[in-house]
Amino acid sequence: MVHTSLDVVDEKISAMGKALVDQRELYLGLLYPTEDYKVYGYVTNSKVKFVMVVDSSNTALRDNEIRSMFRKLHNSYTDVMCNPFYNPGDHIQSRAFDSMVTSMMIQVC
């Protein structure tokens, strides 16, 4: 499901073309709905792709909450990447990042 969603992300990025360069962020919205899950996507200017899978039965989450969660995730990810002791490509071992992701997951449940 996630791999299929990444294909949709690539299609949406290709369709937007040059308009992508002008945006500060790119929230792609709902990528791949199924009976059990909804998959949302987000891409940064540096082409980092975030994919969020949410249970379809969770009707409390609206589009603006999903967008806000992606912004929060993006900000936390940026903080990790700006750490001078982090080597790009290594596994993220940040307590702040882990706690932010955990709090988002608890909020969704």
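Reply: Gladly! Let's start with helix α3, whose buried residues are I66, M69, F70, L73, H74, S76, Y77 and V80. Buried means under 20% relative accessible area, exposed over 50%, and partly exposed in between (1.4 Å probe, protein chains only). Helices (H or I, at least four residues) and strands (E, at least two) are DSSP runs, numbered from the N terminus. This is a predicted model, where local features need pLDDT of at least 70, side-chain atom pairs count only at pLDDT 80 or more, and totals for chains, interfaces and linings use all residues. Residues are numbered from 1 along each chain as its sequence is written, and side-chain values use heavy atoms, with hydrogens and water left out.

Me: How do you know that the span of α3 agrees with what a helix should give?

Reply: The expected span is 1.5 Å times one less than the number of residues. For the 19 residues of α3 that gives 27 Å, and the end C-alpha atoms are 27 Å apart, so the two agree.

Me: Why is N64 called exposed?

Reply: N64, in helix α3, has 53% relative accessibility, so it counts as exposed. Its C-alpha atom is separated by 9.7 Å from that of G29, 35 residues apart along the chain.

Me: And M52: why does it count as buried?

Reply: M52 sits in strand β3, and its relative accessibility is 10%, so it counts as buried. M52 touches K38, V39, Y40, I66, M69, F70 and M104 (heavy atoms within 4.5 Å), leaving aside residues up to four places away in sequence.

Me: What makes a group of residues a nonpolar core here?

Reply: A nonpolar core is a set of buried Ala, Val, Leu, Ile, Met, Phe, Trp, Tyr and Cys residues joined through side-chain atoms within 4.5 Å. The largest one has 18 residues, and M52, I66, F70 and F97 have the most contacts inside it. Helix α3 gives the most to this core, with 6 residues. Apart from it lies another core of 8 residues, among them I13, L26, L28 and V43.

Me: What classes of residue make up the lining of the largest pocket?

Reply: The lining has 13 nonpolar, no polar and no charged residues. Nonpolar covers Ala, Val, Leu, Ile, Met, Phe, Trp, Tyr, Cys and Pro; Asp, Glu, Lys and Arg are charged, and the others, Gly among them, are polar. Strand β3 gives the most to this lining, with 5 residues.
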